[in-house]
Amino acid sequence: MSNNDVSTSHMMADYLNRIGAGKVLLDKTSFSFDWTPPLLVGRDEELSELASMFIGMEGHGVSGRAVITGPVGSGKTVMTHRFGEDLQRMLEGRRKIVLAHVNCRNHPTASQVLQEIARSLDSGHPERGFSSSEIIQSIRRNLKAHGTHLLLTLDEIDVLIRNDKGDLIYKLLRIDEGQGQQGSLSMMLVSQDVSLIKLFEPAIISRLGESSMLALGGYDERALTGIARQRYEEACRPGSVGDDTLSKIGRFAAETGDARHAIELLETAVRRAEKEGRGDVLVEDVRPSTLRSASVEPSQVDNLGKHQKLVLLGICRRLKKADEISSGDAQKLYNLVCEEYGTKPRSYTTFWKHLKELETVGLIESRTANATVGRGRTQHITMTNTAPAALESRIESEIC
Ligand SMILES: Nc1ncnc2c1ncn2[C@@H]1O[C@H](COP(=O)(O)OP(=O)(O)O)[C@@H](O)[C@H]1O
Ligand SMILES: [Mg+2]
């Protein structure tokens, strides 16, 4: 083997090492969307409310019902998993609970859903050839034979309900009727759309009951920061991601209120640090995700007044290179831009008013600085929602 070969293979090993280097990342598992965290962040109240819909579950004739709604990433799915496992563990030795989770988007017809339920009870359940009532019959028999109670989650039920108007849900709610049985089945129904529930037949609504509705809201900055922190603590080397970095993730993700967004921002920031061979994730590693960008159209700047445009232009120029800009710097840049365009800058008060207007229309975001130095109102301005470069060139081409 020549020297050359040795060094080549050495380089190759280095390059592969980088993939598994894990200077920051120790275990990627918790970045996966199907990982169920041991505790949900910021959902204590909602979990208690959900639990209240399953009161008395240790009793054998008892079943519970819940309808969970909320926007994308509000934790509907993870809540059904967390709750199911917790309930199962809590009742251990008293009542045998089996869990089944069917995503109706992947199984959009009543018979596919039933097939999935049957398969989660018995992996050897034959693929096809049975009618819906036969499958229900076999589910019933299975539960009886094993003395188990089924906690069924029907996730993303929208399609299913459009397909069969809640017929299947009605049948499942009545699974014990006329069978001399009671409490075979509990259900959690999950949908993004609250109004969807209105599509149910009154008979179903009355069986579900008003008190079984749980509406989740999107997460705020604080919760999202906590969610990012939990994933960091699970996945990363202790000390590799600082508080300020996690706060930035929370702030950026608050734009959508989507927990998935926070996890993605963290993962991308970690990857960026790893790629550069660093063991620390820096605040600058958190960037607005291009995938989610552009809820702001560049043409939105066309409607702005001249000085609003000039204020924004200064901010864009800085934010092309930096993650945030202080209000003080923004004013300095505004003054420079005015000079460039041969306009007299407006007063501080007017500048400030324009800043607030830009924020109101969603072009910029600001937060008050932690430390108030000098002038009490220093703010840090960011754009999480749009590309500064695109706005800059739009303004430049517009303004003359
Ligand atoms: N309260 C929470 N604590 C920790 N992780 C959460 C929380 N809510 C959501 N997540 C995580 O965020 C991601 C999206 O949540 P998910 O339950 O799939 O949302 P939804 O079903 O409402 O769209 C998942 O990875 C989930 O584990
Ligand atoms: Mg979901």
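Let's start with a pair of helices: helix 13 (residues 327-340) packs against helix 14 (residues 348-360) at an angle of about 110 degrees, and their axes lie 11 Å apart. That angle makes helix 13 roughly perpendicular to helix 14. On the helix 13 side, Ser327, Ala330, Gln331 and Tyr334 take part, and they meet Tyr348, Phe351 and Leu355 of helix 14. Sorted by class, this contact has five nonpolar, two polar and no charged residues. Please keep in mind that this is a predicted model.

| Core | Residues in it | Some members |
|---|---|---|
| Largest nonpolar core | 63 residues | Val113, Leu154, Leu224 |
| Second, separate core | 21 residues | Val301, Cys316, Leu358 |

Leu266 is among the residues with the most contacts inside the largest core. Leaving aside residues up to four places away in sequence, Leu266 touches Ala228, Arg231, Tyr232 and Ile249.

Finally, have a look at Gly279, which sits in the loop between helix 11 and helix 12 (306-319). Gly279 and Val24 are 255 residues apart along the chain, and their C-alpha atoms are separated by 5.2 Å. Not counting residues up to four places away in sequence, Gly279 touches Lys23, Val24 and Ser240.

Key. Residues numbered from 1 in each chain as written. Chains lettered and ligands numbered in written order. Predicted model: local features only at pLDDT ≥ 70, side-chain atom pairs only at ≥ 80, totals over all residues. Core = buried A, V, L, I, M, F, W, Y, C linked by C-beta atoms within 7 Å. Buried ≥ 20, exposed ≤ 12 C-beta atoms within 10 Å, placed from the backbone. Contact = placed C-beta atoms within 7 Å. Helix = DSSP H or I, 4+ residues; strand = E, 2+ residues; numbered from the N terminus. Axes fitted to C-alpha atoms, helices over the stretch in contact; angles between N-to-C directions. Parallel < 35°, antiparallel > 145°, perpendicular 65-115°, else oblique. Nonpolar A, V, L, I, M, F, W, Y, C, P; charged D, E, K, R; others polar.
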